[in-house]
Structure formats: structure tokens, C-alpha cells
Amino acid sequence: MRTLYLVRGKDENLNSKLAKSLLENLSKKHKNLCIFCPVKSKDDSLFAELDSNFKLETVFDEQDALKSYVCDVSLFTQKLIASFEEMKQKYDFVFVLGLFNFGSLGTLELDVKFAKDFNSPIFAINPNKDSTVSFYLKEKLCGAPFVELDENFNSQDIKEIPQYDFLTPSRFSYKSVSLAKAKKKTVVLPESDDERILQAAHILLEQDIVNLILLGDEKEIREKEKELKLNLAKAQIINNKTSELIKDFATKLYETRKHKGMQENEALELIKDRTYFATMLVHTKKADAMVSGASTTTAETIRPALQFVKTKEGVSIVSGMFFMLLEDRVLVFADCAVATNPSPEQIAEIAYSSAKTAQAFDIKPKVALLSYSTGNSGSGTSVDATKEALNIAKQRYKDLEIDGPLQFDAAIDEKTAKSKMPNSTVAGKANVFIFPDLNAANICYKAVQRTAKSLAIGPILQGLNKPINDLSRGCLVDDVVNTVILSAIQAD
């Protein structure tokens, strides 16, 4: 145990007594210990007491914290996580001092959220072991251990409990940004005439997450930049209608497609299309990934990639997956976007591609092939196809941890899995869910998104040799930002 998160009670004297007792004991074991106080409240007497005796780090004062939280809770939490991770690198032990009267927002719910974002075990001051607090912690921590402290607690008997391993939306976002920054790839955005694209570019460049290429007329882009009060100075701008790359790109396109009857003059005109030009930038390694679709159809986005970027070795199908960000974990759903009625072989390939995508984002994949039946309990054309897909996947991808057919409850819930599929290493623990067809996948991801307060990020296209990703034409600026970040992580 290298961190703990102290959730304070209402009795300030008891808070002071127990915090000091814990710190005195921990300081004997950890010489390089710091107190991390995410939000410093002006009337926090305990903060003042500890400040004179320990190394104390903080991020926000209360007023700034409330403004930041209300304006953008995701960015607020990512900043806290980044600071917390920095403390873990600098110190042997990080003692997180929970919130104190965080305005009208209260503290317990936010303390639990932050502890899960930090994956820091909770030590909760709970005089008389208030059953309401105990129940809330058990429910919100999903069975993860925590320690309750009261006036009889002896710090000599500190119980060591493991760090949590929640993957909250905020932690997933933090990890994604960190991975993208570490790779620092170049992403091309062909739709510079769309304000959402330019606003997203401003955010990405301001946070120094990726390098960007914008396609279009530089004068028009600069005028829009000024009008929208953006800063796109770090972006490279290429005019796909006049670029000196056109002739070379046209030749490459012609050589790739002449066996299909394409003429040289046709290639010369076609390559000036922004999607073709952007895809060729990726194909020729002048960019690492492309994101389009804000004002372009999925077919228009994918077509050039299928013509000359091609699919990866061993994969014949392009598929689309979504990251489903739940309260404390992230799931992968596929194929929710491309293949209408995949064959068993294609389902196996989609499972493999989805597992590889999960791995790229530091998620250890456990793949469930979904059906209306579990194991051998049912029969039918769809069930038989899922069984065949499982056999193909096991034969072709030896290291893939996969099982099926599985009903969704058996795939995600351990108690249900014990009764329906007791010998499976995937059942009850799955995090990558492969649906039998597009109908089921699309309905399910939207149902989860709308009813479970889940954030759905995607679709992320899989199976291509290079990251080419499609936006919804109704996308928000945040959707563009997220898709660019995920595309950068996909890039080799």
C-alpha cells in the first residue's frame, strides 16, 4: 500500500486526532511521505495544522475548484489525477486528505469518486460506524476493501489493503491523453471548413497532445481562426487543391488502381479530393492517422482507405468498436458500425481486432462472443455461427482469451457466470463484447449509452493498416478531440 485516501467525518477534533495518528505511524515506515490535498478550503483547520509538520501538496483552492468542476468536470478531474500521479513519482507514500466542506456539492460522494479516480484505498472516519456511510461505501466501491475509523482506532493496527484497480472515465481519459502525448503522432484533419474541427484542433494543440495537419486554403483557415478566437499556430496547413504533393500522390493512386481501370487523369483529379489526399498523407507516412466524417459520409471516409491503405495481414474486414465508459470500468463493444451480418470467420476477426485495440489502450482483453444462449444450453443458426466463430478464433489466435457463446449477463456478472459457465476464464470477467450482428450491437451500445449514463467513444475503425477514423456528422467538439486522441494511440 503506497497511498490512502482519508475520508473525513463531521467531528473536526476526531478528524485531527485520527489523521495525526495515522500520519505519525506512516511516517515511521515511509520517510519520504507527502500529504496531497486536492482542494484547499480556506476554513480547513486540519490543513493548517498539518501544513507546518509535513510536506503538503495541493492543486486548487476551494473557489477555483468549484468553478473548474462546474465548467468541465472531466478536465478538473484529469488535472487532479495528473497531480496525484506526479506525487506518486516524487514520494514513497501519498496520504490523500479528503475534501472539507466543498461548497454546496458535499464531500462523501466526491471523495469516493476521487479515490476511485486515483485508485487510492479509502480510510473513512466514521464515528459509531454509521450504517448509512458503510452501506454507501460498500455499494460504490463494488466490494473493494476500505477501512472505517472511529474514536477507538489504534494507528498501530493499520490494516494494509491493496490499491484499487478501477478504470473510471476520468482515469481512462487521463491514461489516453498520457499515451497520446508520449507517442506525439501527427493526425490529419481534412475538414477544416467545419468549426468543430478547428475548435477541437485548438484544444489538442493547446494541450500539446498531437501534431496536426489541416487541409484547406490557409487564408480561409486563418480568417476562421481569428473569428473564433482560436490559436492554430502550431498546425501545419496544406492546400489539397494546389499542393506540390498532388502529382506524386496522383501517380501513387494510379499505380494502385490502374488494374481496376483507373486512368491517370482520373487519379489526378481524384487525389485533390480532401479525403483521398488526407488518406494518401497517411499511406505515405507523412501523417500517422486521419480523422474525418464531421461533414463526410462513412462510405466516403473509408473508401480511399480500402483502396490503397488496405487491411492488416490476417484480417479481411474493417469493423467499428466503441469504448463504453461506465462509472468505474471501461468496456469494448464491437462491431457497432460497419459489418451488417458478419460470417463466423469475420466475427473471429472482429474479436481479434477488438482485443488488439483494447491492448493498445492498456486494457487486458477478455473476449466474450455474445449470443441469446450460453454454452450448450441453446441451439439455432445464430448460436451455431457463434460456436464456429469461437473455434476459428481459438485455432487462429492462440493467445486470445476468448469464450462463447455467452449471454450478456453470464459474460459480465460473476455470480451468473458461476451457474451458467463455471469453468470459463472469461465468463463473468469479460471486458470485450463481440455481438453477432450490427443490429444487436448498435441497439445495445445506444441502450447502454442512454440508460446507464455511459459515455460512448467511437466508432473507432479496426483492421486497417493505418488509423483512419470516422466521426458522426452530429459529433460534438469533445467527440472530435477524443477520436483524434484514440487515433494517435492506434498509430504504430
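Tutor: Contact here means heavy atoms within 4.5 Å. Helices (H or I, at least four residues) and strands (E, at least two) are DSSP runs, numbered from the N terminus. The model is predicted: local features need pLDDT of at least 70, side-chain atom pairs count only at pLDDT 80 or more, and totals for chains, interfaces and linings use all residues. Residues are numbered from 1 along each chain as its sequence is written, and side-chain values use heavy atoms, with hydrogens and water left out.

Student: At what angle do the axes of helix 12 and helix 13 cross?

Tutor: The axes of helix 12 (residues 274-283) and helix 13 (residues 298-309) cross at roughly 40° and come within 9 Å. Axes are lines fitted to C-alpha atoms, for helices over the stretch in contact, and angles run from 0 to 180 degrees between N-to-C directions. Helix 12 and helix 13 are therefore oblique to each other. Angles under 35 degrees count as roughly parallel, over 145 as roughly antiparallel, 65 to 115 as roughly perpendicular and the rest as oblique.

Student: Is the crossing of helix 12 and helix 13 left-handed or right-handed?

Tutor: The crossing of helix 12 and helix 13 is right-handed. A crossing is left-handed if the near helix is turned anticlockwise from the far one by less than a right angle, and right-handed if clockwise.

Student: What about helix 4 and helix 5: how do their axes cross?

Tutor: The axes of helix 4 (residues 73-90) and helix 5 cross at roughly 55° and come within 10 Å. That angle makes helix 4 oblique to helix 5. Helix 4 passes helix 5 in a right-handed crossing. Helix 4 contributes Val73, Phe76, Thr77, Leu80, Ile81 and Phe84 to the contact, and helix 5 contributes Lys113, Phe114, Asp117 and Phe118. By class, there are seven nonpolar, one polar and two charged residues in the contact of helix 4 with helix 5.

Student: And which residues of helix 5 meet helix 6?

Tutor: Leu108, Glu109, Val112 and Lys116 in helix 5 meet Tyr136, Leu137 and Lys140 in helix 6. This contact of helix 5 with helix 6 has four nonpolar, no polar and three charged residues. Helix 5 (residues 108-118) and helix 6 (residues 131-140) pack at about 35°, with their axes 11 Å apart. The crossing of helix 5 and helix 6 is right-handed.

Student: Changing topic, where is Pro405 found?

Tutor: Pro405 is in strand 14 (residues 402-406). A cis peptide bond joins Gly404 and Pro405, with omega about -10°. The peptide bond from Gly458 to Pro459 is also cis, with omega near 0°, and Pro459 is in strand 16 (residues 455-462).

Student: Lastly, what is phi of Cys142?

Tutor: Phi of Cys142 is near 50°, a positive value in a residue other than glycine. Cys142 is found in the loop between helix 6 and strand 6 (147-149).

Definitions and conventions: Nonpolar A, V, L, I, M, F, W, Y, C, P; charged D, E, K, R; others polar.
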